[in-house]
Amino acid sequence: MTEMPEFPAPAPAPLSWLLRLLALVCVLLAMLGVVLPGLPPVLFTVMAGWAAARSWPGLYRWLWRAHIFGPMLRHWASGRRIRWRDKVSASIVLVAGAVIVLAVRIPAGARLSGLLVMVCVLAWVWYWPEPEA
């Protein structure tokens, strides 16, 4: 198991509270992303880890040790790597979200924006290398 990285210098108090809020929102979105299409948990877990490391060490430790989120953070910390299974999972979730966006009657601009965001997230996820075996 990769060692938990050192915590960066804590953010000043007002920024710390904003980072805590961001970390909490990202954790909730990552949890939802495990079961809902369109929300890739890898992206939200990495964002939650980044914000928590700067503002909420207890939450970061919990994420690091969590069964679902821990491997994502550990691979990210060991060289910005995303597991193949997490890439595939994110792809399935985003394709399911795209199917829903295409099936639902929404304005064309909203549809295009949603699909563009999903494509960008997929490109981001697949850009990073996979961890070595």
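**Helical architecture and nonpolar cores of the chain**

Of the 133 residues of the chain, 36% count as buried, where buried means under 20% relative accessible area, exposed means over 50%, and partly exposed lies in between, with a 1.4 Å probe and protein chains only as cover. The structure is a predicted model, in which local features need pLDDT of at least 70 and side-chain atom pairs count only at pLDDT 80 or more, whereas totals for chains, interfaces and linings use all residues. Residues are numbered from 1 along each chain as its sequence is written, and side-chain values use heavy atoms, with hydrogens and water left out.

The chain contains six helices and zero strands; helices are DSSP runs of H or I with at least four residues, strands are runs of E with at least two, and both are numbered from the N terminus. Along its principal axes, the C-alpha trace spans about 45 × 40 × 20 Å. Among contacts (heavy atoms within 4.5 Å) between residues at least 6 apart in sequence, 69% join residues at least 24 apart.

Helix α1 comprises residues 13–35. Ser16, Leu19, Ala23, Cys26, Val27, Ala30 and Gly33 of α1 are buried. An α-helix has 3.6 residues a turn, so residues three or four places apart point the same way. The buried residues of α1 pack against α2 (41–55), α3 (57–65) and α5 (84–103). Serine 16 counts as buried because its relative accessibility is 13%; beyond residues up to four places away in sequence, serine 16 touches Ala11 and Ser55. Leucine 32, also in α1, counts as partly exposed because its relative accessibility is 40%.

A nonpolar core is a set of buried Ala, Val, Leu, Ile, Met, Phe, Trp, Tyr and Cys residues joined through side-chain atoms within 4.5 Å. The largest such core has 18 residues, of which Leu59, Tyr60 and Leu63 touch the most other members. Helices α1, α2 and α3 each supply at least two residues of this core. Apart from its neighbours within four places in sequence, leucine 63 is in contact with Val27, Ala48, Gly49, Phe69, Gly70 and Leu73. A second, separate core of eight residues includes Leu43, Ala98, Val121 and Val125.
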